[in-house]
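Here is a short report for someone meeting this protein for the first time. It begins with one residue and then widens to the whole chain.

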Amino acid sequence: MNVASQRKPHPLGTHRVLEPPGAMPQNAAKLNNTPVAYEGELLCDVDVLNIDSASFRQIAGVCGGDAARIAEHIAEIVRVHGKMHNPVTGSGGMFIGTIRATGERIASLVSLTLTPLHIDEVTRVCVDTGRVWVRGTAILFASSLWAALPSDIDENVALAVLDVAGAPAQTLRLCKEGQTIAIIGVDGKSGILACAQAKARVGTSGRVIGVAPSNQTLTAKLLIEHGYVDAFIVADARDALGTSEALARIAPELADVTINCVNVPGTELSSILATKDRGTIYFFSMSTSFTAAALGAEGVGKDVTMIVGNGYARDHAQIALQTLREHPHIHAHFKRTYAARQ
Ligand code: NAP
């Protein structure tokens with residue numbers, strides 16, 4: 001009899017924790033991924049993983065961008081930990097699958113870092129999108145959030161959008177009419193959706209300034225051409241002074257709200273310097289360091305409110321999917337990038 005089956009099932013999944021004692025599923029080193037549903041759990045057949053961008057970038061880096069090595073690396077992490085919890089970045093991702101008992105197609109809305117996952121085989125890796133096709137199973141706890149896949153949006157598009165659903169939902173909450181909003185990493189998945197929400201919120205009296213390493217990507221061109229950004233700064237956000245000075249030239253008042261959507265470490269200070277005193281920074285990026293943000297703000301004497309990018313916000317899935325429905329150009333872009341790569 002395994003350890004988990006000796007414990008009473010808990011809605012938060014603690015009965016699945018194998019190591020260390022007392023850990024919750026998210027911070028556990030190892031979960032019991034036995035593909036049998038205990039009371040209150042849902043057993044799901046998993047087809048596709050959307051690996052978190054910071055995690056996939058790190059894995060692709062150590063595997064030299066080779067799809068077969070990436071597949072083996074991911075399978076090994078899952079073998080060791082019973083979940084897709086990248087030990088370097090600490091981040092996970094989400095899955096698409098089918099609830100075995102009901103046949104319902106769903107996307108998980110809780111991180112793979114706390115989801116018991118068993119992989120029989122990795123069948124394909126898309127190096128460009130961080131999409132990984134598998135034959136496997138996952139367990140959702142009684143407390144785990146999930147969403148039925150919408151009938152009007154391609155499954156792979158929905159997965160890409162739902163993975164970053166917290167970003168547009170929090171942007172909607174944080175931005176107000178007339179404000180200046182800076183979005184760093186604006187041409188990625190979360191950046192685009194945040195940008196659409198920010199532009200709608202600030203109206204014609206406010207402005208949205210996008211920051212990304214290039215204005216020549218298809219996404220950057222889309223955001224500029226369709227007026228989602230009022231200005232676009234080409235910058236490496238790891239260069240704090242260069243980025244913030246470029247922003248200050250366009251918006252001397254600095255940003256009321258800065259939204260950080262990058263997938264690389266070392267961009268905390270550019271976000272802090274881009275934001276006005278008493279402004280707000282939403283660190284959606286999983287590469288954010290609490291220490292770098294806290295000490296960085298102190299070091300430059302900036303009184304800013306810094307928000308950890310909680311992956312969950314009430315109604316975030318509906319808000320994210322609705323963002324696509326309300327912005328056909330953005331929806332078309334997601335379809336081109338994700339739906340076509342099945
Ligand atoms: P993504 O689609 O890969 O986008 C990342 C963006 O960052 C791209 O626009 C990229 O530009 C830009 N970027 C990379 N290096 C940069 C630099 N040095 N300076 C400026 N921009 C830079 O990623 P995503 O899926 O939107 O995810 C974004 C972040 O959110 C990741 O860190 C991810 O781990 C995190 N995330 C957080 C949660 C949460 O719950 N808080 C959930 C999911 C994901 P290029 O494409 O031109 O390189």
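Alanine 29 is partly exposed, because its relative accessible area is 34%. The model is predicted. Alanine 29 sits in the loop between strand S1 (17–19) and strand S2 (30–31). Leaving aside neighbours within four places in sequence, alanine 29 is in contact with Glu19, Pro20 and His81. Threonine 258 is 229 residues away from alanine 29 along the chain, and their C-alpha atoms are separated by 34 Å.

Glutamate 19 and proline 20 are joined by a cis peptide bond, with omega at about -15 degrees. Proline 20 lies in the loop between S1 and S2.

**Overall form**

The protein has 11 helices and 14 strands. Its C-alpha atoms fill a box of roughly 65 × 45 × 40 Å along the principal axes. Its radius of gyration is 20 Å, which agrees with the value near 20 Å for a compact globule of 342 residues. Of the 342 residues, 56% count as buried. Take the contacts between residues at least 6 apart in sequence: 68% of them join residues at least 24 apart.

The accessible surface comes to about 14,400 Å². Carbon and sulfur atoms hold 53% of that surface. There are 30 positive and 32 negative side chains. The centres of the two sets lie 1 Å apart.

**The cores**

In soluble globular proteins, nonpolar side chains tend to be buried together. Here, the largest nonpolar core has 52 residues. Which members touch the most others? They are Ile181, Ile183, Ile259, Ile330 and Phe334. Helix H5 (residues 189–202) gives this core its largest share, seven residues. A second, separate core has 32 residues, including Val46, Ile74, Val78 and Val122.

Isoleucine 330 shows the packing in detail. Not counting residues up to four places away in sequence, isoleucine 330 touches Ile192, Leu193, Ala196, Leu222, Tyr228 and Leu324.

Valine 161 lies in helix H3 (residues 155–163). Is valine 161 buried or exposed? Valine 161 counts as buried, because its relative accessibility is 0%. With residues up to four places away in sequence left out, valine 161 touches Leu193, Ala320, Leu321, Leu324 and Phe334. Aspartate 256 is 95 residues from valine 161 in sequence and 26 Å from it in space, C-alpha to C-alpha.

Ala320, Leu321 and Leu324 are among the buried residues of helix H10 (residues 316–326). What do the buried residues of H10 pack against? Their partners are H3, helix H4 (166–174), H5 and helix H11 (328–338).

Arginine 278 is placed in strand S13 (residues 275–283). Aspartate 315 lies in the loop between strand S14 (305–308) and H10.

How values were computed
Residues numbered from 1 in each chain as written. Predicted model: local features only at pLDDT ≥ 70, side-chain atom pairs only at ≥ 80, totals over all residues. Heavy atoms only, no water. Helix = DSSP H or I, 4+ residues; strand = E, 2+ residues; numbered from the N terminus. Rg over C-alpha atoms; globule rule 2.2 N^0.38 Å. Buried < 20%, exposed > 50% of the residue type's maximum accessible area, 1.4 Å probe, protein only. Contact = heavy atoms within 4.5 Å. Areas by Shrake-Rupley, 256 points an atom, 1.4 Å probe, with all protein chains shown as cover. Lys, Arg positive; Asp, Glu negative; His and termini not counted. Charge placed at Lys NZ, Arg CZ, Asp CG, Glu CD. Core = buried A, V, L, I, M, F, W, Y, C linked by side-chain atoms within 4.5 Å.
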